[in-house]
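Here is a short briefing on one protein chain. Look over the sequence and the model first, then read the points below.

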Amino acid sequence: MVDYSKWKTIEVSDDEDDTHPNIDTPSLFRWRHQARIERMNELKKEHQSYEAKKTRNDKLLLEARKRCEGKTGKALEEAKRDVAKLERKQKELLKEKEALDKKEKMMPWNVDTISKEGFQKTILNKPQPKEELVLTEEEKEQTQKKFVEENEPLLKQYGMLQKYDDSKRFLLEHPHLACEYTANYLVLWCIRLEMDEKHDLVCHVAHQCICIQYVLELGKQLEVDPRSCISSFFTRIQMAD
């Protein structure tokens, strides 16, 4: 079973909160946003500090191990003590890295993090504008039918993928699948599978459907084309694993 609990804390917009009419709402949102930025910067500095300490310790450990070569007596004993001390430091740094990773996973997703990969590489540099097409129910039905006819092999292939990396790569190769028609197809497929009592396969396809629905929801919240959210969504969900 897939653990979806890490998807619950997507903090996309401050504007969704209700505030008291006497509160200066724009200022409150700016303060909240600034607080988030400060927390992110603090975590970034902690990562940089860890990397600097690790690089220095790795260098000293390598030098200490080299000093052991060809040494005897007191010189060898002293070099071995240095190696043991630096190896203990290496274990301490590993625990520090695990704590930092855990801290990062606990941070809620928001506009500032979901649009970036690891806080460094910007994914949504120039978001594609969200296209709004107003269709009648009959037009939607015809469009859905045409979409399935043209893409059913791809839809089935995506529905059977298992790894996040594979799903991300597949959707980036076929970005037009990041749409409600794909989600609709996968939902109907799940219903047919359930009727055939293929319960394990239902769970698998449902997981792929939920991924698409989250990508669509991110596009809606960020007011961009959902295709712009494919890479950032899968990057963040893998970081949360």
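Helices are DSSP runs of H or I with at least four residues, strands are runs of E with at least two, and both are numbered from the N terminus. With that naming, E223 sits in the loop between α7 and α8 (230-240). The model is predicted. The chain has 8 helices and 4 strands. Buried residues account for 34% of its 241 residues.

**Overall layout**

- Starting at the N terminus, the elements follow the order β-α-α-β-α-β-β-α-α-α-α-α.
- Helix α1 covers residues 25-68.
- Helix α2 covers residues 73-106.
- Helix α4 covers residues 137-159.
- Helix α6 covers residues 180-195, and helix α7 covers residues 199-222.

**Helices α6 and α7**

- Two packed helices are described by the angle between their axes and the distance between the axes.
- For α6 and α7, the angle is about 165° and the axes are 9 Å apart. That makes α6 roughly antiparallel to α7, because angles over 145 degrees count as roughly antiparallel.
- The crossing of α6 past α7 is left-handed.
- E197 lies in the loop between these two helices, α6 and α7.

- Is L188 buried, partly exposed or exposed? L188 has 47% relative accessibility, so it counts as partly exposed.
- L188 belongs to helix α6. It is also part of a nonpolar surface patch with V187, I191 and M195.
- Together, the four patch residues V187, L188, I191 and M195 have about 390 Å² of accessible area.
- W189 lies in helix α6 too. W189 counts as buried because its relative accessibility is 11%, and the cut-off for buried is under 20%.
- W189 and K156 are 33 residues apart in sequence, yet their C-alpha atoms are 9.1 Å apart in space.

**Salt bridges**

- Side chains of opposite charge can pair when their charged atoms come close.
- How many salt bridges does the structure hold? There are 8 salt bridges.
- K54 is partly exposed at 31% relative accessible area. D58 is also partly exposed, at 29%.
- D82 is partly exposed at 27% relative accessibility, and R67 is partly exposed at 35%.
- K140 and E137 both lie in helix α4, 3 residues apart, about one turn of the helix. K140 is partly exposed, with 36% relative accessible area. E137 is exposed, with 60%.

**R65 in helix α1**

- R65 is found in helix α1. R65 is partly exposed, with a relative accessible area of 42%.
- R65 and A84 are 19 residues apart along the chain, and 9.8 Å separates their C-alpha atoms.

- Most residues other than glycine have a negative phi.
- E197 is exposed, with a relative accessible area of 61%.
- E223 also has a positive phi, about 60°, although it is not a glycine.
- E223 has 62% relative accessibility, so it counts as exposed; the cut-off for exposed is over 50%.
- Where do the two residues lie? E197 is in the loop between α6 and α7, whereas E223 is in the loop between α7 and α8.

Conventions:
Residues are numbered from 1 along each chain as its sequence is written. This is a predicted model: local features need pLDDT of at least 70, side-chain atom pairs count only at pLDDT 80 or more; totals for chains, interfaces and linings use all residues. Side-chain values use heavy atoms; hydrogens and water are left out. Patches are made of residues with over 30% relative accessible area and no salt bridge: like charges are joined within 9 Å, nonpolar side chains (Val, Leu, Ile, Met, Phe, Trp, Tyr) within 5 Å. Accessible areas come from the Shrake-Rupley method with a 1.4 Å probe; for residues, only the protein chains shown count as cover. A salt bridge is a side-chain nitrogen of Lys or Arg within 4 Å of a carboxyl oxygen of Asp or Glu. Buried means under 20% relative accessible area, exposed over 50%, partly exposed in between (1.4 Å probe, protein chains only). Axes are lines fitted to C-alpha atoms, for helices over the stretch in contact, and angles run from 0 to 180 degrees between N-to-C directions. Angles under 35 degrees count as roughly parallel, over 145 as roughly antiparallel, 65 to 115 as roughly perpendicular and the rest as oblique. A crossing is left-handed if the near helix is turned anticlockwise from the far one by less than a right angle, and right-handed if clockwise.
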